Amino acid sequence: MSRIGRRAFLTGSAAVLGAGAGAAAAAEVNSSHPASVAPADVAVPSPSAQWQMSQAQLAEREPFKGVHQAGILTSRQAQSTFAALDCFAPDRDILSVTLQALSQRAQQLAAGGPVPLLEVDAPPADSGILGPDNAPDSLTVTIAFGASLFDGRYGLAARRPRELVQMPTFAIDDLDPARSHGDVLLQICANQRDTVVHTLRELLRTVRGSLQLRWVIDGFQSPRRGPTARNNPRNLFAFRDGTSNPLTTDPAQMQRLVWAGSGEPAWAVGGTYQVVRVIRMHVEFWDRVGLNEQQNMIGRVRDTGAPLGGTSELEDPRYDLDPQGKRIPLDAHIRLANPRTAVTSDQRILRRSYNYSRGFDAAGQLDQGLIFVAFNRSPQRQFVPVQTRLLSEPMIDYITPVGGGYFFAPPGAAGDDWVGSSLFA
Amino acid sequence: MFTSLGWLRLAVGVACAALGAFALVAALGLGARGSGASTAPAAAPVPLAAYVEFAPHVASQLVILGFQGGVRGAPLVSPHGDPPLPASDFARPVAEYLAYAETQLKLMAGPLRSLEVALSENDRNQAERGWEAAYARFLHLGAVYLEGPAAVLNERIDGSPGGLSGGTASPRFTGLHRIEYGLWTGAPPDSLVGWARQLSADVGRLRALLPRVSISPLDYATRAHEILEDAVRDLLSGADVPWSQQGVLGTAAAVAATREVIATLRPLINMTVVGTELAHLNAVIDSLAAAHGGTLPTNTELSQDQSEALDAALGQALEALALVPPSLETTRPPTTPTIPARAVEIDP
């Protein structure tokens, strides 16, 4: 490997630890030089040191239990699957038992540990694809409910979260009903692909007969390729995504922007509305657009992620000094998404999106895009006005929202509770 | 000198083979760092533009190479030299295009009449043929960059149900695709006569508006590229024609429209490369018709080989067309003002 090549590689991400030789070194570099470029001549750890680091990462655990569910404020793991399920439980009691089993199995998997041995004549208790001892690998399973779960089937209509409706069709959408909505959504995230694959397989086995797949999509987060540990990874339009997210470390901000509270049924307090939009990006078309036009559509410099006219990704775009859009066009994506005014401050959403790539369409064009995920306290106050503003952005020619849905992630489980138990209390 | 010469040659070879065009953005940097000079390999590519950028972490050098006399033609060259071109250069192309568009709408009258007659006679087969002729003729207009009442009419004529609340059941779902939906999903043809009458009236109204439509040079240059982008995104994918699957027919019309727009722009820049690619694409489409008894196949009737061949020719034409808008700029992009110094980081 040439020197430059290796250097570029070493400034890469901590998020793909264990994914290949050298990745472990990147983590070390980033943690010891959190805000600077890695020196060119960092020694690559020995194979045994790399092995130990990858094992340490596999052993990392995200607590399943808590006031709120995991997988919402949790910093994004590298891999994900979103699985929407439809419910075939014959009555409310069986639905309750099903959701309890789902929650408990998810809790077991997030904790990891040895797989119980059954009689050898019986099918094994676990598919075993992670081996006899399931490593937690920062697994989170976030369970959410769609509006359709609150229809007449289970007598839950009166308990529907106040703003939970079927996701409306926005003017730019071309929603495929077979890839939209659903009674239950599972958001499964971990750092390794096989952990996610294993989790989906085990969870479906647990609730077979009551919950059946409606649609599923796999996502990945691009690694943090720098130049510093604080720079956000890129989406498949090559622009950095997630830059102006609210602070997950600020409980007051999370209370205001994420967690459902007053006005909601008591069981739902501490939950959150989860918006999932599968947005196809017409990447070949995008790649044929001039860089200048791309940057004006987004409002940022592609390479650095800085707002136009700036030098650093994390710098304030100062719209107040650019009221006519001479620096950042008034219809640029970042400006419409978050105008940073006092009025729109309460409209901010917590984004937790993933990239996807899943084959190609009938015209030979790659089917790539974004699994846009937003958590918010009130879609009517937050997501809907943001999305409505974005309907007039020039970028709409290059994207087509094709699926997803509105869901409500109930509060977390504490003690002997399970996720969703308060709904049946 | 480049230490990555072999890599560059490979890239050039791939670009020639894949694009049949003349431009390549090559990200270089190995060995050239610090020298600040770009040295193109002898004989082959002539740089149209070269600039050097030093990102804070990795030195990189970007060189845009033009392939003078490349495998299929010469680069886009304006008689005025490099862009920007005078905006007045576009007056005649736009006028020619609008006259062409009016002719296309005039030519829709015949198929629309046949469609209405066939519908009222409950002759589904004839009605489908009439619909196809009317639809193809409408797509001969190319991508429509209309504003105001003309845009509303265009949506009524060619709008899809995707973004409408209620989808196909929405009362705002009208025009060509409303009739397509009815015809190919078994609705009684004579139940669609009302939609056909409304469609004819809307086409007449659009035609009456055309003389007052204005198109900016930027929009017109972009149109040259985007007619076929739309064909790939909306027609060959089946997205806009889910019932009839007449995406190849639509694409053939889009190619004709693109060729018309390119023909009007010929006095402005050298379009040899683009013309060659479009002619090749047209030949591929003709061969598809020949292979299907003289009629263009639907998307779903294409064999895998045919589908791939069409996608290849279309993709290649699009890569060439993507160079048209930047060659037709009428203004230089303004320099972006700098954020005043007081800027602070907003996220820790």
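## Ground rules

Helices here are DSSP runs of H or I with at least four residues, strands are runs of E with at least two, and both are numbered from the N terminus. What you have above is a predicted model, in which local features need pLDDT of at least 70, side-chain atom pairs count only at pLDDT 80 or more, and totals for chains, interfaces and linings use all residues. Residues are numbered from 1 along each chain as its sequence is written, while chains are lettered from A and ligands numbered from 1 in the order in which they are written.

For the model as a whole, ipTM comes out at 0.80 and pTM at 0.83. Going by pLDDT (the predictor's confidence in each residue, from 0 to 100), chain A averages 90, and 90% of its residues score at least 70. Chain B has a mean of 79, with 73% of residues at 70 or more.

Both chains have a stretch to treat with care. Residues 1-37 of chain A stay under 50 in pLDDT, and the model gives them 72 contacts beyond four places in sequence; a contact means C-beta atoms, placed from the backbone, within 7 Å. In chain B, pLDDT stays under 50 over residues 1-75, which have 111 contacts beyond four places in sequence. Strand β3 of chain B (residues 59-66) has the lowest confidence in that chain, with a mean of 29, and α5(B) the highest, at 98.

## Chain A overall

Chain A has eleven helices and eleven strands. Its radius of gyration is 22 Å, close to the 22 Å that the globule rule gives for 425 residues, so chain A is as compact as a globular protein of that length. (The radius is taken over C-alpha atoms, and the rule is 2.2 Å times the number of residues to the power 0.38.) The C-alpha trace spans about 60 × 55 × 50 Å along its principal axes.

Of the 425 residues, 48% count as buried, meaning 20 or more other C-beta atoms within 10 Å of their own, against 12 or fewer for exposed and in between for partly exposed, with C-beta atoms placed from the backbone. Take the chain A contacts between residues at least 6 apart in sequence: 75% of them join residues at least 24 apart. The chain is divided into domain 1 (1-32) and domain 2 (79-424), with bounds from an automatic or database domain assignment. The C-alpha centres of the two domains are 28 Å apart.

## Cores and a buried arginine

A nonpolar core is a set of buried Ala, Val, Leu, Ile, Met, Phe, Trp, Tyr and Cys residues joined through C-beta atoms within 7 Å. The largest has 83 residues, and V184(A), L186(A) and I371(A) have the most contacts inside it. Apart from it lies another core, of 72 residues, including F90(B), I157(B), L199(B) and L249(B).

R214(A) sits in strand β6 (residues 211-220) of chain A. This arginine is buried because 22 other C-beta atoms lie within 10 Å. Leaving aside residues up to four places away in sequence, R214(A) touches A84(A), L85(A), D86(A) and G182(A).

## Helix α5 of chain B

Helix α5(B) covers residues 175-184 and is mostly covered itself, with nine of its ten residues buried. Among the buried ones are H177(B), R178(B), E180(B) and Y181(B). Helices α3 (124-139), α4 (149-158) and α6 (193-209) of chain B are included in what covers them. After α5(B) comes G186(B), with a positive phi near 90°.

Methods:
Contact = placed C-beta atoms within 7 Å.
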